[in-house]
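Hi,

Here is the structure I promised to pass on. Have a look at it first, and then read my notes below.

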Amino acid sequence: MSTKNIEEKQYLLRFKADTKSHLTVMDDDICATKCPDKICTIFCPAEVYKWEGLRMQVGYEGCHECGSCRIGCPYQNIKWEYPKGGHGIVFRLA
Amino acid sequence: MPEKFDVIVVGAGPAGTSCALVCAQKGLNVLLIERGEYPGSKNVMGGVLYRKQMEELIPEFWKEAPLERPVIEQRFWMMDKESVVQFGYKGLEWGVEPYNNFTVLRAQFDQWFAKKAVEAGALLINETVVTECIVENGKVVGIRTDRPNGEVYADVVVLADGVNSLLSKQLGFHKEFRPDEVALTVMEVINLPKEKINDRFNLEDNQGCTIEIFGDSTKGNLGTAFLYTNKDSLNIGVGTTLSSMIKAKLKPYDLLDYLKTHPMVKPMLAGGESAEYLAHLIPEGGYRSVPKVAGNGVVVVGDAAQLVNAIHREGSNMAMHSGLLAAETVIEAKYRGDFSESSLNLYRQKLYDSFIIKDLEKYKDATHTFENNPQYFKEYVPMMNKAMSKFFTVDGTPKRDKQKEIMKSVTSERGTIKVIQDIYRAWKAVK
């Protein structure tokens, strides 16, 4: 079978996106100056975080709500909440 | 809706629904709150549901629950780049009543299970996030939700809010988890015709197989992969501790694709169609990570209490049993009219007397040992593969000489003393 890249994997899912992000990078300067690896852009399983040179783009609409970024951010720089009730990812199978 | 409930359960996964079901069966007024569109819509599991703890809640559930296949074979793979050492057990006794365990798809199973709690009298409210516990005079007296005027009161609040359990953290029951206390796991459900699954895994229609894969499945990092058979799909997934993922700078979905295209795995998936991709954290800190589980007017169950035995891939069963123990405690507390911490500590006592904490205690050093000693996954798995290859390749070398060569290659790679230390350390961690 063919593998699917992360964009294709994300297309398999149903999301009911809220209008407001449940994820907030509190201080982009910390990412810019203290965090050369920008490790959240690597380990996030949905590629929610993308570094844009000066600020972190947060594609919260595709978040699996796993919590890894909150625990894994080396500077505890991510404010992490649940999306509003009934919003966010909707798993249909497993 | 009454102003006040006997019990509010936060989270309609296995732990919360079990607790709600048993409380409702005893006639308590139960509110079960779920943040997803329906129970199961936020929940992820590799897929093994154990019969024993489920049966204690719903006798003969297998006659009506949406299950995939009863597991009759459990295989373990120690995988290298182009080889695998295998062992396992297959027994037909697991394929007939009362069964041992089943593969399930959680979005379906959790909905069915929550419906059982509703039929017993619990009130289920979906699409509602509990934002905090209402605490008055040091006692949890209710919850605040993200709905307008969304305050609800109860004698007891049961926190079944999953691995992240923001609510028990708010109450100060635990600090933020460290990256080595959780495993980041990703999986795919892959549709494949039933006949192909039966042929490839040597199964009949109503027989299932699970494969746990160690070694190269995680590129030698601390974690495992799994491949489970559903009726007409496969669940394939891989996870490592978040700390290992960070250290190795791994993208979890790349690791999953590495597994899917591994020469030992690829033929089993051939012709399959990806149907869903899912990511979730598994609490793997074990015994030492279990938070405070009972306070004034509140108890913590399931993943929220970090009740997972990673070595034996048991979690949903511990969730259900903890939910049951919490329910028994709440029922007794109701009878006594005492919901203080000292009254609800009965739950803690029941938990610590049960297989749950006993098993977590048995393996309390395992994650730590394997995290700090990467040689078990990185070096020993390839060594085992080389040894088997050497031993079973017929090349005219006498078997005794082969044994000597194998022993020599093991001790020369790690050093005799180190090998002895490694064996002792591993034995200590799992004894």
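Predicted model: local features only at pLDDT ≥ 70, side-chain atom pairs only at ≥ 80, totals over all residues.

Chain A

Let's start with chain A, which has 94 residues. Its secondary structure comes to 4 helices and 6 strands. Read from the N terminus, the elements go α-β-β-α-α-β-β-α-β-β. The radius of gyration is 14 Å, close to the 12 Å that the globule rule gives for 94 residues, so chain A is as compact as a globular protein of that length. If you want to picture the box around its C-alpha atoms, it is roughly 40 × 35 × 20 Å along the principal axes.

Buried residues make up 57% of chain A. As for contacts with a separation of 6 or more, 67% of them in chain A come from residues 24 or more positions apart. The chain exposes about 4,300 Å², and carbon and sulfur atoms supply 50% of that.

There is also a charge over a ring to look at here. The charged end of A:Arg70 sits over the ring of A:Trp80, at 4.8 Å from the ring centre.

Chain B

Chain B has 431 residues, and its secondary structure comes to 15 helices and 17 strands. A compact globule with 431 residues would have a radius of gyration near 22 Å, and the 23 Å of chain B agrees with that. The C-alpha box is roughly 80 × 50 × 35 Å along the principal axes.

In chain B, 58% of the residues count as buried. Of the contacts between residues at least 6 apart in sequence, 72% join residues at least 24 apart. The accessible surface of chain B is about 17,700 Å², with 52% belonging to carbon and sulfur atoms.

Aromatic rings

B:Trp427 has a relative accessibility of 49%, so it counts as partly exposed. B:Lys431 lies over the face of B:Trp427, at 5.9 Å from the ring centre.

Cysteines

The structure holds 0 of them over all chains. B:Cys19 is in no disulfide, and the nearest cysteine sulfur, that of B:Cys23, is 4.2 Å away. Why is B:Cys19 called buried? Its relative accessible area is 0%, and the cut-off for buried is under 20%.

B:Cys133 is in no disulfide either, and the nearest cysteine sulfur to it is that of B:Cys19, 14 Å away. B:Cys133 has a relative accessibility of 7%, so it counts as buried.

Two loop residues

Lastly, here are two positions in loops of chain B. B:Leu92 is in the loop between strand S5 (84–90) and strand S6 (101–103). Is B:Leu92 buried or exposed? With a relative accessible area of 61%, it is exposed. Leaving aside neighbours within four places in sequence, B:Leu92 is in contact with B:Ile72 and B:Gln207. B:Leu278 is 186 residues from B:Leu92 along the chain, and their C-alpha atoms are separated by 32 Å.

B:Asp216 is in the loop between strand S12 (208–215) and strand S13 (223–229). At 6% relative accessibility, B:Asp216 counts as buried. Which residues is B:Asp216 in contact with, leaving aside its neighbours within four places in sequence? They are B:Met79, B:Asp80, B:Lys81, B:Tyr258 and B:His262.

Cheers

Conventions
Residues numbered from 1 in each chain as written. Chains lettered and ligands numbered in written order. Heavy atoms only, no water. Buried < 20%, exposed > 50% of the residue type's maximum accessible area, 1.4 Å probe, protein only. Lys NZ or Arg CZ within 6 Å of the ring centre and 35° of its normal. Disulfide = S-S within 2.5 Å. Rg over C-alpha atoms; globule rule 2.2 N^0.38 Å. Contact = heavy atoms within 4.5 Å. Areas by Shrake-Rupley, 256 points an atom, 1.4 Å probe, with all protein chains shown as cover.
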